[in-house]
Amino acid sequence: MNIQAPVKVDKAERMRRAREEAYATPLSQFHPGAPRLFQDDTLWPWFERLRKEEPVHYCTNAPIEPYWSVVKYNDIMHVDTNHGIFSSDSTLGGIAIRDVPEGYDYPSFIAMDQPKHSAQRKTVSPMFTPQHLDELAKLIRRRSQTVLDNLPRNETFNFVERVSIELTTQMLATLFDFPWEERRKLTRWSDVSTALPKSGIVASAEERRREMDECYAYMSKLWNERVNSEPRNDLLSLMAHNPATRYMDPDNLMGNIILLIVGGNDTTRNTMTGSVLALNENPEQYDKLRANPALIDTMVPEVIRWQTPLAHMRRTALQDTEIGGKQIKKGDRVVMWYVSGNRDEEMIDRPNDFIIDRARPRTHLSFGFGIHRCVGMRLAELQLRIVWEEMLKRFDRIEVVGEPKRIYSSFIKGYETLPVRIPG
(Lines give C-alpha, C1' and ligand atoms only; values in the text may rest on other atoms or scores of the structure.)
Protein backbone atom coordinates (compact mmCIF):
# COMPACT_ATOMS: atom_id res chain seq x y z
CA MET A 1 0.00 0.00 0.00
CA ASN A 2 1.38 3.40 -0.97
CA ILE A 3 0.82 5.98 1.78
CA GLN A 4 2.64 8.89 0.15
CA ALA A 5 -0.32 11.32 0.25
CA PRO A 6 -0.45 11.73 4.06
CA VAL A 7 3.32 12.27 4.10
CA LYS A 8 2.92 15.18 1.68
CA VAL A 9 0.09 16.70 3.72
CA ASP A 10 2.17 16.50 6.90
CA LYS A 11 5.11 18.10 5.16
CA ALA A 12 3.02 20.94 3.76
CA GLU A 13 1.61 21.74 7.20
CA ARG A 14 5.03 21.53 8.81
CA MET A 15 6.47 23.92 6.22
CA ARG A 16 3.57 26.36 6.65
CA ARG A 17 4.25 26.57 10.37
CA ALA A 18 8.00 26.86 9.80
CA ARG A 19 7.45 29.77 7.40
CA GLU A 20 5.24 31.56 9.91
CA GLU A 21 7.84 31.12 12.64
CA ALA A 22 10.76 32.17 10.42
CA TYR A 23 9.08 35.37 9.24
CA ALA A 24 7.74 36.26 12.69
CA THR A 25 11.10 35.89 14.43
CA PRO A 26 13.30 39.02 14.57
CA LEU A 27 16.51 38.54 12.61
CA SER A 28 18.45 39.35 15.76
CA GLN A 29 17.10 36.11 17.27
CA PHE A 30 17.99 33.88 14.30
CA HIS A 31 20.12 30.79 14.95
CA PRO A 32 20.12 29.14 11.51
CA GLY A 33 22.58 26.51 12.72
CA ALA A 34 20.09 25.03 15.18
CA PRO A 35 20.16 21.24 14.56
CA ARG A 36 16.40 20.91 15.12
CA LEU A 37 15.75 22.89 11.91
CA PHE A 38 17.64 20.25 9.97
CA GLN A 39 16.19 17.25 11.79
CA ASP A 40 12.66 18.60 11.18
CA ASP A 41 13.48 19.72 7.62
CA THR A 42 12.18 23.20 8.48
CA LEU A 43 15.38 25.12 7.68
CA TRP A 44 14.28 26.39 4.29
CA PRO A 45 12.22 29.52 5.17
CA TRP A 46 14.87 30.64 7.67
CA PHE A 47 17.56 30.66 5.00
CA GLU A 48 15.16 32.07 2.42
CA ARG A 49 14.55 35.08 4.66
CA LEU A 50 18.27 35.55 5.31
CA ARG A 51 19.00 35.52 1.57
CA LYS A 52 16.36 38.20 1.04
CA GLU A 53 16.95 40.44 4.06
CA GLU A 54 20.39 39.82 5.60
CA PRO A 55 22.62 37.55 3.51
CA VAL A 56 25.55 38.06 5.87
CA HIS A 57 24.11 37.61 9.35
CA TYR A 58 25.72 37.68 12.79
CA CYS A 59 24.19 35.22 15.24
CA THR A 60 24.51 35.92 18.95
CA ASN A 61 21.42 33.91 19.91
CA ALA A 62 22.96 30.44 20.14
CA PRO A 63 24.31 28.09 22.83
CA ILE A 64 27.65 28.29 21.02
CA GLU A 65 29.96 31.24 20.35
CA PRO A 66 28.64 33.94 17.96
CA TYR A 67 29.08 33.23 14.26
CA TRP A 68 28.54 34.83 10.88
CA SER A 69 26.23 33.11 8.40
CA VAL A 70 27.01 33.55 4.71
CA VAL A 71 24.01 32.34 2.71
CA LYS A 72 24.34 33.60 -0.90
CA TYR A 73 26.13 31.67 -3.63
CA ASN A 74 28.67 34.32 -4.65
CA ASP A 75 29.50 35.33 -1.07
CA ILE A 76 30.11 31.66 -0.21
CA MET A 77 32.40 31.35 -3.24
CA HIS A 78 34.31 34.42 -2.04
CA VAL A 79 34.97 32.86 1.35
CA ASP A 80 35.70 29.38 0.00
CA THR A 81 38.26 30.57 -2.55
CA ASN A 82 40.13 33.02 -0.30
CA HIS A 83 42.02 30.66 1.98
CA GLY A 84 44.56 33.37 2.76
CA ILE A 85 41.86 35.37 4.56
CA PHE A 86 39.63 32.59 5.88
CA SER A 87 41.34 29.73 7.70
CA SER A 88 40.29 26.09 8.05
CA ASP A 89 42.89 25.31 10.70
CA SER A 90 41.72 23.01 13.48
CA THR A 91 43.69 25.00 16.06
CA LEU A 92 41.40 27.96 15.34
CA GLY A 93 38.24 25.88 15.66
CA GLY A 94 38.15 23.79 12.49
CA ILE A 95 35.58 23.46 9.73
CA ALA A 96 32.28 23.08 11.63
CA ILE A 97 30.09 25.73 13.22
CA ARG A 98 30.93 24.36 16.66
CA ASP A 99 34.55 24.41 17.73
CA VAL A 100 36.22 21.02 17.77
CA PRO A 101 35.54 19.55 21.25
CA GLU A 102 38.60 19.40 23.48
CA GLY A 103 40.27 16.06 23.03
CA TYR A 104 38.92 15.57 19.49
CA ASP A 105 41.06 18.11 17.70
CA TYR A 106 42.62 15.62 15.30
CA PRO A 107 44.09 17.75 12.48
CA SER A 108 43.26 16.54 8.97
CA PHE A 109 44.17 18.09 5.65
CA ILE A 110 40.66 19.54 5.27
CA ALA A 111 41.28 21.42 8.55
CA MET A 112 44.71 22.73 7.56
CA ASP A 113 45.97 25.78 5.72
CA GLN A 114 48.65 25.96 3.06
CA PRO A 115 51.23 24.67 2.43
CA LYS A 116 50.61 21.63 4.64
CA HIS A 117 47.09 21.13 3.28
CA SER A 118 48.01 20.45 -0.35
CA ALA A 119 51.05 18.33 0.53
CA GLN A 120 48.88 15.91 2.52
CA ARG A 121 45.89 16.02 0.17
CA LYS A 122 48.06 15.04 -2.81
CA THR A 123 49.02 11.76 -1.14
CA VAL A 124 45.50 10.32 -1.51
CA SER A 125 44.60 11.87 -4.88
CA PRO A 126 45.89 8.86 -6.92
CA MET A 127 42.91 6.92 -5.53
CA PHE A 128 40.60 9.19 -7.53
CA THR A 129 42.27 9.33 -10.94
CA PRO A 130 40.11 8.57 -14.00
CA GLN A 131 41.99 5.32 -14.59
CA HIS A 132 41.44 4.07 -11.05
CA LEU A 133 37.80 5.17 -11.09
CA ASP A 134 37.30 3.05 -14.21
CA GLU A 135 38.51 0.06 -12.24
CA LEU A 136 36.38 0.90 -9.23
CA ALA A 137 33.33 1.27 -11.49
CA LYS A 138 33.38 -2.45 -12.29
CA LEU A 139 33.49 -3.30 -8.58
CA ILE A 140 30.73 -0.80 -7.72
CA ARG A 141 28.49 -2.29 -10.40
CA ARG A 142 28.95 -5.87 -9.22
CA ARG A 143 28.26 -4.93 -5.63
CA SER A 144 25.26 -2.78 -6.54
CA GLN A 145 23.79 -5.69 -8.47
CA THR A 146 24.24 -8.04 -5.52
CA VAL A 147 22.75 -5.64 -2.94
CA LEU A 148 19.78 -4.74 -5.15
CA ASP A 149 19.06 -8.34 -6.13
CA ASN A 150 18.69 -9.22 -2.45
CA LEU A 151 16.11 -6.55 -1.64
CA PRO A 152 12.61 -7.77 -0.70
CA ARG A 153 9.49 -7.15 -2.79
CA ASN A 154 6.12 -6.04 -1.41
CA GLU A 155 7.70 -5.47 1.98
CA THR A 156 8.67 -2.25 3.79
CA PHE A 157 12.37 -1.88 4.57
CA ASN A 158 14.83 0.86 5.51
CA PHE A 159 16.59 2.03 2.35
CA VAL A 160 19.32 3.71 4.42
CA GLU A 161 20.33 0.45 6.10
CA ARG A 162 19.83 -2.01 3.25
CA VAL A 163 21.24 0.04 0.36
CA SER A 164 22.89 3.37 1.20
CA ILE A 165 24.94 2.29 4.20
CA GLU A 166 25.79 -1.13 2.81
CA LEU A 167 27.06 0.10 -0.57
CA THR A 168 29.05 3.03 0.80
CA THR A 169 30.56 0.93 3.59
CA GLN A 170 31.62 -1.71 1.10
CA MET A 171 33.37 1.00 -0.93
CA LEU A 172 35.05 2.42 2.19
CA ALA A 173 36.34 -1.03 3.10
CA THR A 174 37.83 -1.32 -0.38
CA LEU A 175 39.44 2.13 -0.30
CA PHE A 176 41.10 1.35 3.05
CA ASP A 177 41.64 -2.36 2.32
CA PHE A 178 39.82 -2.84 5.61
CA PRO A 179 38.92 -6.31 6.94
CA TRP A 180 35.70 -7.09 5.09
CA GLU A 181 33.82 -8.86 7.86
CA GLU A 182 34.34 -5.89 10.19
CA ARG A 183 33.49 -3.14 7.70
CA ARG A 184 30.48 -1.85 9.69
CA LYS A 185 32.99 -0.52 12.22
CA LEU A 186 33.71 2.17 9.63
CA THR A 187 30.04 3.18 9.54
CA ARG A 188 29.88 3.40 13.30
CA TRP A 189 33.08 5.44 13.61
CA SER A 190 31.83 7.83 10.96
CA ASP A 191 28.57 8.35 12.86
CA VAL A 192 30.27 8.75 16.23
CA SER A 193 32.92 11.18 14.98
CA THR A 194 30.33 13.74 13.81
CA ALA A 195 27.61 13.13 16.43
CA LEU A 196 26.29 15.97 18.57
CA PRO A 197 25.59 15.36 22.27
CA LYS A 198 21.80 15.34 21.76
CA SER A 199 21.87 13.09 18.69
CA GLY A 200 21.36 9.85 20.60
CA ILE A 201 24.23 8.19 18.73
CA VAL A 202 26.39 8.12 21.86
CA ALA A 203 25.17 8.44 25.43
CA SER A 204 28.03 10.59 26.71
CA ALA A 205 31.28 12.31 25.87
CA GLU A 206 33.07 9.44 27.62
CA GLU A 207 31.43 6.86 25.36
CA ARG A 208 32.35 8.88 22.30
CA ARG A 209 35.93 9.15 23.49
CA ARG A 210 36.10 5.42 24.13
CA GLU A 211 34.81 4.54 20.66
CA MET A 212 37.16 6.96 18.94
CA ASP A 213 40.05 5.49 20.93
CA GLU A 214 39.01 2.08 19.59
CA CYS A 215 39.06 3.52 16.08
CA TYR A 216 42.51 4.95 16.69
CA ALA A 217 43.89 1.66 18.01
CA TYR A 218 42.40 -0.38 15.16
CA MET A 219 43.52 1.96 12.38
CA SER A 220 46.99 2.38 13.93
CA LYS A 221 47.44 -1.38 13.69
CA LEU A 222 46.52 -1.31 10.00
CA TRP A 223 48.78 1.70 9.47
CA ASN A 224 51.78 -0.09 10.97
CA GLU A 225 51.10 -3.06 8.71
CA ARG A 226 51.11 -0.77 5.63
CA VAL A 227 54.27 1.06 6.71
CA ASN A 228 56.10 -2.23 7.05
CA SER A 229 54.93 -3.80 3.78
CA GLU A 230 55.29 -3.05 0.09
CA PRO A 231 53.19 -0.15 -1.29
CA ARG A 232 49.62 -1.08 -2.23
CA ASN A 233 46.77 0.79 -3.85
CA ASP A 234 44.72 1.73 -0.80
CA LEU A 235 44.39 4.99 1.13
CA LEU A 236 46.42 3.89 4.14
CA SER A 237 49.26 2.56 2.01
CA LEU A 238 49.31 5.72 -0.15
CA MET A 239 49.76 7.83 3.00
CA ALA A 240 52.19 5.38 4.62
CA HIS A 241 54.58 5.50 1.66
CA ASN A 242 54.52 9.22 0.87
CA PRO A 243 57.03 11.47 2.66
CA ALA A 244 54.36 14.17 3.19
CA THR A 245 52.29 11.83 5.37
CA ARG A 246 54.51 8.91 6.37
CA TYR A 247 55.79 10.70 9.46
CA MET A 248 52.53 12.29 10.62
CA ASP A 249 52.08 12.52 14.36
CA PRO A 250 49.37 10.20 15.72
CA ASP A 251 46.71 12.92 15.97
CA ASN A 252 47.29 14.01 12.37
CA LEU A 253 47.05 10.39 11.21
CA MET A 254 43.79 9.96 13.10
CA GLY A 255 42.44 13.22 11.67
CA ASN A 256 43.06 12.18 8.08
CA ILE A 257 41.60 8.73 8.67
CA ILE A 258 38.41 10.20 10.18
CA LEU A 259 38.17 12.71 7.33
CA LEU A 260 38.40 9.97 4.71
CA ILE A 261 35.91 7.76 6.57
CA VAL A 262 33.34 10.55 6.91
CA GLY A 263 33.94 11.88 3.41
CA GLY A 264 33.53 8.45 1.87
CA ASN A 265 30.58 7.44 4.02
CA ASP A 266 28.20 10.18 5.08
CA THR A 267 28.08 12.26 1.93
CA THR A 268 27.48 9.48 -0.58
CA ARG A 269 25.12 7.50 1.60
CA ASN A 270 22.90 10.50 2.33
CA THR A 271 22.76 11.62 -1.27
CA MET A 272 21.87 8.08 -2.32
CA THR A 273 18.97 8.10 0.14
CA GLY A 274 18.06 11.65 -0.84
CA SER A 275 17.78 10.66 -4.49
CA VAL A 276 15.02 8.14 -3.71
CA LEU A 277 13.18 10.70 -1.59
CA ALA A 278 13.52 13.46 -4.20
CA LEU A 279 12.12 11.31 -6.98
CA ASN A 280 9.19 10.22 -4.82
CA GLU A 281 8.41 13.80 -3.86
CA ASN A 282 8.59 14.73 -7.55
CA PRO A 283 6.84 11.85 -9.35
CA GLU A 284 6.84 13.65 -12.70
CA GLN A 285 10.65 13.64 -12.55
CA TYR A 286 10.64 9.94 -11.67
CA ASP A 287 8.46 9.27 -14.72
CA LYS A 288 10.82 11.32 -16.85
CA LEU A 289 13.81 9.31 -15.60
CA ARG A 290 12.13 5.97 -16.18
CA ALA A 291 11.24 7.02 -19.71
CA ASN A 292 14.80 8.17 -20.40
CA PRO A 293 17.48 6.56 -18.18
CA ALA A 294 20.16 8.65 -19.94
CA LEU A 295 18.98 11.51 -17.72
CA ILE A 296 20.88 9.86 -14.85
CA ASP A 297 23.89 11.91 -16.01
CA THR A 298 22.18 15.20 -15.13
CA MET A 299 20.08 13.81 -12.27
CA VAL A 300 23.19 12.92 -10.25
CA PRO A 301 24.58 16.48 -9.90
CA GLU A 302 21.03 17.78 -9.42
CA VAL A 303 20.39 15.47 -6.48
CA ILE A 304 23.78 16.38 -5.00
CA ARG A 305 22.65 20.02 -5.13
CA TRP A 306 19.16 19.22 -3.84
CA GLN A 307 20.44 17.11 -0.94
CA THR A 308 23.61 19.11 -0.08
CA PRO A 309 25.00 16.33 2.16
CA LEU A 310 27.31 18.70 4.05
CA ALA A 311 25.12 21.65 5.01
CA HIS A 312 27.97 23.98 5.87
CA MET A 313 31.69 24.56 6.20
CA ARG A 314 33.17 27.02 8.67
CA ARG A 315 36.21 29.25 8.40
CA THR A 316 37.92 31.61 10.85
CA ALA A 317 38.90 35.11 9.72
CA LEU A 318 42.66 35.66 9.78
CA GLN A 319 42.28 39.44 9.43
CA ASP A 320 39.67 42.14 9.47
CA THR A 321 37.72 41.94 6.22
CA GLU A 322 34.35 42.60 4.61
CA ILE A 323 31.67 40.33 3.18
CA GLY A 324 28.52 41.76 1.61
CA GLY A 325 29.04 45.11 3.30
CA LYS A 326 29.43 43.59 6.78
CA GLN A 327 32.63 44.09 8.76
CA ILE A 328 34.21 40.79 9.81
CA LYS A 329 36.79 40.96 12.59
CA LYS A 330 39.95 38.87 12.87
CA GLY A 331 39.10 35.70 14.79
CA ASP A 332 35.40 35.71 13.85
CA ARG A 333 33.90 32.40 12.76
CA VAL A 334 32.35 32.50 9.31
CA VAL A 335 29.92 29.75 8.31
CA MET A 336 29.33 29.08 4.61
CA TRP A 337 25.85 27.62 4.28
CA TYR A 338 26.15 25.47 1.17
CA VAL A 339 22.59 24.31 1.76
CA SER A 340 21.41 27.91 1.30
CA GLY A 341 23.74 28.82 -1.56
CA ASN A 342 22.35 25.82 -3.44
CA ARG A 343 18.89 27.46 -3.23
CA ASP A 344 20.04 30.96 -4.23
CA GLU A 345 17.41 32.34 -6.60
CA GLU A 346 19.90 34.74 -8.20
CA MET A 347 22.22 31.94 -9.32
CA ILE A 348 19.97 28.93 -9.88
CA ASP A 349 16.72 28.93 -11.83
CA ARG A 350 13.79 27.58 -9.78
CA PRO A 351 16.21 26.46 -7.05
CA ASN A 352 13.57 24.85 -4.83
CA ASP A 353 12.47 22.55 -7.64
CA PHE A 354 14.07 19.18 -8.28
CA ILE A 355 14.68 19.10 -12.06
CA ILE A 356 16.64 16.14 -13.36
CA ASP A 357 17.33 17.65 -16.81
CA ARG A 358 18.61 21.06 -15.72
CA ALA A 359 20.66 22.91 -18.33
CA ARG A 360 23.54 23.52 -15.86
CA PRO A 361 23.20 20.89 -13.14
CA ARG A 362 26.75 21.32 -11.87
CA THR A 363 26.03 24.85 -10.70
CA HIS A 364 26.08 23.90 -7.05
CA LEU A 365 28.26 24.28 -3.96
CA SER A 366 27.96 20.81 -2.46
CA PHE A 367 31.58 19.85 -3.08
CA GLY A 368 32.99 23.22 -2.06
CA PHE A 369 35.46 25.29 -4.09
CA GLY A 370 39.07 26.35 -3.92
CA ILE A 371 41.83 24.27 -2.37
CA HIS A 372 39.39 22.32 -0.20
CA ARG A 373 37.13 21.13 -3.03
CA CYS A 374 36.08 17.54 -2.31
CA VAL A 375 38.85 15.18 -3.42
CA GLY A 376 36.42 12.25 -3.84
CA MET A 377 33.62 14.02 -5.70
CA ARG A 378 33.99 12.03 -8.91
CA LEU A 379 33.80 8.77 -6.97
CA ALA A 380 30.63 9.98 -5.24
CA GLU A 381 29.05 10.82 -8.60
CA LEU A 382 30.15 7.46 -9.99
CA GLN A 383 28.54 5.52 -7.15
CA LEU A 384 25.27 7.39 -7.53
CA ARG A 385 25.20 6.97 -11.29
CA ILE A 386 25.83 3.22 -11.18
CA VAL A 387 23.34 2.45 -8.41
CA TRP A 388 20.61 4.27 -10.35
CA GLU A 389 21.51 2.51 -13.59
CA GLU A 390 21.10 -0.78 -11.80
CA MET A 391 17.92 0.23 -9.94
CA LEU A 392 16.20 1.33 -13.14
CA LYS A 393 17.03 -2.03 -14.73
CA ARG A 394 15.38 -3.90 -11.87
CA PHE A 395 12.57 -1.86 -10.37
CA ASP A 396 9.72 -0.02 -11.98
CA ARG A 397 9.59 2.16 -8.89
CA ILE A 398 10.87 2.37 -5.32
CA GLU A 399 8.06 3.83 -3.24
CA VAL A 400 8.66 5.92 -0.12
CA VAL A 401 5.96 4.76 2.31
CA GLY A 402 6.60 6.92 5.36
CA GLU A 403 8.41 9.96 6.72
CA PRO A 404 12.21 9.84 6.70
CA LYS A 405 13.96 10.21 10.02
CA ARG A 406 16.66 12.83 9.65
CA ILE A 407 19.93 13.21 11.56
CA TYR A 408 20.15 15.70 14.42
CA SER A 409 22.88 17.83 12.89
CA SER A 410 23.36 21.10 11.03
CA PHE A 411 26.63 19.78 9.55
CA ILE A 412 25.80 16.33 8.16
CA LYS A 413 22.49 16.69 6.31
CA GLY A 414 21.36 13.12 6.27
CA TYR A 415 18.98 10.33 7.20
CA GLU A 416 18.71 7.62 9.80
CA THR A 417 15.80 5.88 8.09
CA LEU A 418 13.78 6.01 4.88
CA PRO A 419 10.96 3.44 4.76
CA VAL A 420 10.45 2.19 1.22
CA ARG A 421 8.70 -0.60 -0.64
CA ILE A 422 9.38 -2.19 -4.00
CA PRO A 423 6.16 -3.38 -5.65
CA GLY A 424 6.33 -7.00 -6.78
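**Figure 1. A salt bridge between buried side chains.** Aspartate 234 and arginine 226 are both buried (under 20% relative accessible area; exposed is over 50% and partly exposed in between, with a 1.4 Å probe and protein chains only). Their side chains meet in a salt bridge of 3.2 Å, N to O (a side-chain nitrogen of Lys or Arg within 4 Å of a carboxyl oxygen of Asp or Glu). The model is predicted: local features need pLDDT of at least 70, side-chain atom pairs count only at pLDDT 80 or more, and totals for chains, interfaces and linings use all residues. Residues are numbered from 1 along each chain as its sequence is written, and side-chain values use heavy atoms, with hydrogens and water left out.

**Figure 2. The salt bridge of arginine 184 and glutamate 161**. The N to O distance is 2.7 Å. Arginine 184 lies in helix α8 (residues 184-194) and glutamate 161 in helix α7 (residues 159-176), 23 residues apart; helices (H or I, at least four residues) and strands (E, at least two) are DSSP runs, numbered from the N terminus. Arginine 184 is partly exposed at 31% relative accessible area, and glutamate 161 is partly exposed at 35%.

**Figure 3. The largest nonpolar core.** This core has 64 residues, of which Phe176, Phe178, Met219 and Leu379 touch the most other members (a core is a set of buried Ala, Val, Leu, Ile, Met, Phe, Trp, Tyr and Cys residues joined through side-chain atoms within 4.5 Å). Helix α12 (residues 250-281) supplies the largest share, eight residues. A second, separate core of 39 residues includes Leu151, Phe159, Trp388 and Ile422.
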